[in-house]
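Let's take a friendly walk through this protein together. Keep the sequence and the model open as you read.

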Amino acid sequence: MPGHIFGRSTRGSLPVAAEGEGCYILDTEGRRYLDGSGGAAVSCLGHSNAAVRAALHDQLDRLAFAHTGFFTSEPAERLADRLAAAAPEGIERVYLVSGGSEAVEAALKLARQYFMEVGQPGRHRVIARRQSYHGNTLGALAAGGNEWRRAQFAPLLVETSHVSPCYEYRGRAEDESLEAYGLRVADELEAEIQRLGPETVMAFVAEPVVGATAGAVPAVPGYLKRVREICDRHGVLLILDEVMCGMGRTGHLFACAEDGVAPDMITIAKGLGAGYQPIGALLVQGRIYDAIAAGSGFFQHGHTYMGHAMAAAAANAVLDEIEGRDLLQAVRRQGARLEALLQERLGQHPHVGDIRGRGLFRGIELVADRETKEPFDPARKLHARIKAEAFAGGLICYPMGGTLDGVRGDHILLAPPFIISDAELDELVDKLSGALDRALAA
């Protein structure tokens with residue numbers, strides 16, 4: 001379709017999305033696509049939720065926008081109250097933004113300002129994990145550990161330390177228990193803090209379940225608790241990035257609840273607005289807000305559309321649906337069914353090395369050899385072939401390359417809407433299996 005859009009890629013052309021119908025998107029040619037990944041783990045309520053649409057119409061009829069330099073709004077206040085009430089212990093304040101990268105950027109800047117306000121200006125270093133992804137703005141990109149995304153922008157990025165991810169399939173020794181592995185990997189954070197000097201480190205950033213860059217890799221038992229202990233010992237802020245894995249995707253409103261950890265800050269987005277509006281949020285411990293309030297009284301940050309009334313109205317309606325329809329239970333139930341279907345169909349596939357994840361957040365890692373876990377040659381671009389074959393067959397999924405180190409490895413990420421039915425799960429796995437076999441045969 002000719003036009004003036006500067007899209008994600010200059011190559012090829014995309015179909016035009018025309019309408020949504022439950023878990024499906026229809027294009028202008030009448031083709032139907034089952035959304036097996038929620039776009040990028042966004043569309044948790046599908047594409048035609050009547051309650052969210054009605055809430056947006058109602059808000060638009062009353063007020064679309066009021067700049068937060070002058071006003072607050074009822075939808076924003078209500079949303080912040082609800083998120084704070086549902087969040088892990090100690091989280092008391094909510095900073096509303098327009099997406100995940102903005103939320104992470106705000107977290108990093110707030111961490112720095114917090115230490116300035118409490119008289120520890122030497123703390124400025126950030127530690128994150130290799131193969132992590134925290135957003136595309138420069139601060140968030142610097143925190144991320146995906147080399148492919150970072151490479152060309154490296155001269156613009158703030159120096160960040162990266163330790164090993166909690167990646168059990170690749171990192172755990174055969175004679176090592178899950179718990180022992182988790183503690184060993186977490187202790188790399190201790191070693192890095194000591195190397196840098198504890199008085200210089202301000203934050204550790206991690207996803208409880210790694211999404212885009214590794215394919216739904218969950219923390220093993222005990223890992224995040226040890227991380228929390230290490231951060232507490234050295235006065236380092238723990239920032240958990242739940243932009244992709246949060247807001248019910250794993251079967252808990254906040255993914256870290258399953259790990260029994262309360263961070264200092266949490267970033268959320270994607271499922272918060274379910275695709276009906278662009279919205280994200282940074283949630284922070286009360287003591288961090290109190291330090292700003294007792295000091296300068298001003299967070300030196302902000303965006304034009306932060307706290308947008310329409311976006312907040314949509315997020316409130318999304319939470320109403322999640323709570324009122326008991327969708328967290330549905331995520332756990334349908335997530336278990338999806339895992340069983342994947343294991344039945346692909347568990348013994350010669351090129352499927354691992355099937356993992358939580359709730360309706362599932363990853364499939366592909367290998368050339370199951371015994372050695374050797375990945376496919378990156379030049380083959382298997383992930384791209386799978387995406388193309390699946391899309392041609394009417395399935396939207398989220399394959400990515402560079403799973404191991406930003407270059408080698410292929411995986412498929414699945415994050416279907418919370419409303420997905422049994423029949424639609426069957427369709428998803430059928431279409432995915434066919435696409436995988438066609439891509440491997442090419």
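## A loop with two positive phi angles

Lys270 sits in the loop that runs between strand 11 (265–268) and strand 12 (280–285). Please keep in mind that this is a predicted model. Lys270 is not a glycine, and yet its phi is positive, at about 35°. Most residues other than glycine have a negative phi. With a relative accessible area of 25%, Lys270 is partly exposed.

Ala274 is also found in the loop between strand 11 and strand 12. Ala274 has a phi near 55°, again a positive value in a residue other than glycine. Is Ala274 buried or exposed? Its relative accessibility is 2%, so Ala274 counts as buried, because buried means under 20% relative accessible area.

## The overall build

Now let's step back to the whole chain. The secondary structure of the protein comes to 14 helices and 17 strands. Along the principal axes, the C-alpha atoms fill a box of roughly 60 × 60 × 45 Å. For 442 residues, a compact globule would have a radius of gyration near 22 Å, and the protein agrees with this at 21 Å.

Buried residues account for 54% of the 442 residues.

Which residues touch the most other members of the largest nonpolar core? They are Leu83, Phe204, Tyr223 and Leu283, in a core of 52 residues. Helix 8 (residues 178–196) gives the most to this core, contributing six residues. Apart from this core lies another one, of 45 residues, including Ile322, Leu338, Val352 and Leu425.

Neighbours within four places in sequence aside, its contacts include Ile127, Ala128 and Arg129, along with Val163 and Leu189. Among the other contacts of Phe204 are Tyr223, Val227 and Cys231, and also the run of Val236, Leu237, Leu238 and Ile239.

## Buried positions in loops

Val220 lies in the loop between strand 9 (217–218) and helix 9 (223–234). Its relative accessibility is 6%, so Val220 counts as buried. What does Val220 touch, not counting residues up to four places away in sequence? The partners are Cys166, Glu168, Leu178, Tyr181 and Gly182.

Ser73 has its place in the loop between helix 2 (50–62) and helix 3 (74–86). Ser73 counts as buried, because its relative accessibility is 11%. Residues up to four places away in sequence aside, Ser73 touches Gly307 and Ala309.

## A glycine in strand 16

Our last stop is Gly401, which is found in strand 16 (residues 398–401). Leaving out neighbours within four places in sequence, Gly401 is in contact with His383, Gly409 and Asp410. Where does Gly401 lie relative to Val318? The two are 83 residues apart in sequence and 32 Å apart in space, taken from C-alpha to C-alpha.

Conventions. Residues numbered from 1 in each chain as written. Predicted model: local features only at pLDDT ≥ 70, side-chain atom pairs only at ≥ 80, totals over all residues. Heavy atoms only, no water. Core = buried A, V, L, I, M, F, W, Y, C linked by side-chain atoms within 4.5 Å. Buried < 20%, exposed > 50% of the residue type's maximum accessible area, 1.4 Å probe, protein only. Helix = DSSP H or I, 4+ residues; strand = E, 2+ residues; numbered from the N terminus. Contact = heavy atoms within 4.5 Å. Rg over C-alpha atoms; globule rule 2.2 N^0.38 Å.
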